Amino acid sequence: MSHPASPDDALVLYGEHFSSRLLLGTSRYPSPAILQAAVARARPAMLTASLRRQGAKPDSGRGFWQLLQQMGCRVLPNTAGCRSAQEAITTAQMAREVFATPWIKLEVIGDDYTLQPDTLQLVDAAHALVEDGFKVLPYCTEDLVVCQRLVDAGCQAVMPWAAPIGTGHGPVNPHGLRLLRERLAVPMLVDAGLGLPSHACQVMEWGFDGVLLNTAVALATDPAQMAGAFADAVQAGRAAFLAGAMQPQKSAQASTPVLGTPFWHQGSGAGA
Ligand SMILES: CC(=O)[C@@H](O)[C@H](O)COP(=O)(O)O
């Protein structure tokens, strides 16, 4: 991208600085080599991986773990597939051992059809894991009160969904997401349901701090190229947010200056 975000505009999570605002999932890629190529193009802040894929036994998933290490990217284990607070807590504790990190993407699924988070169990699990020293990034809905409860539980960032996991619909409740952004000051990453780079750009323009996505890259015809497109879109959206967008106007406003009036001022009578 020609105009990368300023190096001092880092994403800050739990006091740590990240030069990228894109987090990438590692599932559903056609091959490990294609995953590697996508990661090389996107250069994400973190790669999220499921303990269930890695496996709890010392030898299971060794190849995948080695691949993650080779890519030199911080790993964010997740509790994908957990359906209760206790299951998520146990999975997070195992992930801390396997991946040697206190970071956890906390997922507690409450509905098998929509993969909607169980927001009640999520808050309970977040509370217990923060108490246990984890740096918790909870996958949640755009519900303001749930996000506030997660912050009250000690989460220093939250990750509301754009749409159900794997759908690629993009933000289905723009009003709710934008309201959430206005009301909560903690870092917020939009996680799940993004299908196009323009979706990522859009939420970044709204002031979200980053995005986490998987399926849109993994299932693209050319995942590496799509990973690059998402990385560029995240930067573009962030730059636009920082630049401050104009307010939409109700009626046409002439934008082409006439000779002698190169700059707009009230009542200039500029041409179209
Ligand atoms: C990999 C992962 O953590 C997913 O559960 C995440 O929520 C991304 O969702 P999409 O696959 O819809 O981008």
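Thr 91 is found in helix α4, helices being DSSP runs of H or I with at least four residues and strands runs of E with at least two, both numbered from the N terminus. The model is a predicted one, in which local features need pLDDT of at least 70 and side-chain atom pairs count only at pLDDT 80 or more, whereas totals for chains, interfaces and linings use all residues. Residue numbers start from 1 along each chain as its sequence is written.

Thr 91 counts as buried because it has 25 C-beta neighbours inside 10 Å; the term buried requires 20 or more other C-beta atoms within 10 Å of the residue's own, with C-beta atoms placed from the backbone. Leaving aside residues up to four places away in sequence, Thr 91 touches Leu 51, Thr 79 and Cys 82, where contact means that the C-beta atoms, placed from the backbone, lie within 7 Å.

## Packing of α4 against α5

Helix α4 (residues 85–99) packs on helix α5 (residues 119–131) at an angle of about 35°, and their axes are 8 Å apart. Axes are lines fitted to C-alpha atoms over the stretch in contact, and angles run from 0 to 180 degrees between N-to-C directions. From α4, Ala 85, Ala 88, Ile 89 and Ala 92 meet Gln 121, Asp 124, Ala 125, Ala 128 and Leu 129 of α5. This contact comprises seven nonpolar, one polar and one charged residues; Ala, Val, Leu, Ile, Met, Phe, Trp, Tyr, Cys and Pro count as nonpolar, Asp, Glu, Lys and Arg as charged, and the others, Gly among them, as polar.

## Packing of α5 against α6

The axes of α5 and helix α6 (residues 144–152) come within 9 Å and cross at roughly 15°. The two helices, α5 and α6, are therefore roughly parallel to each other, a term that covers angles under 35 degrees. In α5, Thr 119, Val 123 and Ala 126 meet Val 146, Arg 149 and Leu 150 in α6. By class, four nonpolar, one polar and one charged residues form the contact of α5 with α6.

## Ligand shell

Of the 18 residues around the ligand, those that come nearest are Gly 25, Ala 192, Leu 213, Asn 214 and Thr 215; a residue is near if its C-beta atom, placed from the backbone, lies within 6 Å. At least two residues of the shell are supplied by each of β10 (210–213) and α9 (215–218). The shell divides into eight nonpolar, eight polar and two charged residues.

## The chain as a whole

The protein chain has 10 helices and 10 strands. Of its 272 residues, 42% are buried.

Notes:
Two residues are in contact if their C-beta atoms, placed from the backbone, lie within 7 Å. A residue is buried if 20 or more other C-beta atoms lie within 10 Å of its own, exposed if 12 or fewer, and partly exposed in between; C-beta atoms are placed from the backbone. Angles under 35 degrees count as roughly parallel, over 145 as roughly antiparallel, 65 to 115 as roughly perpendicular and the rest as oblique.
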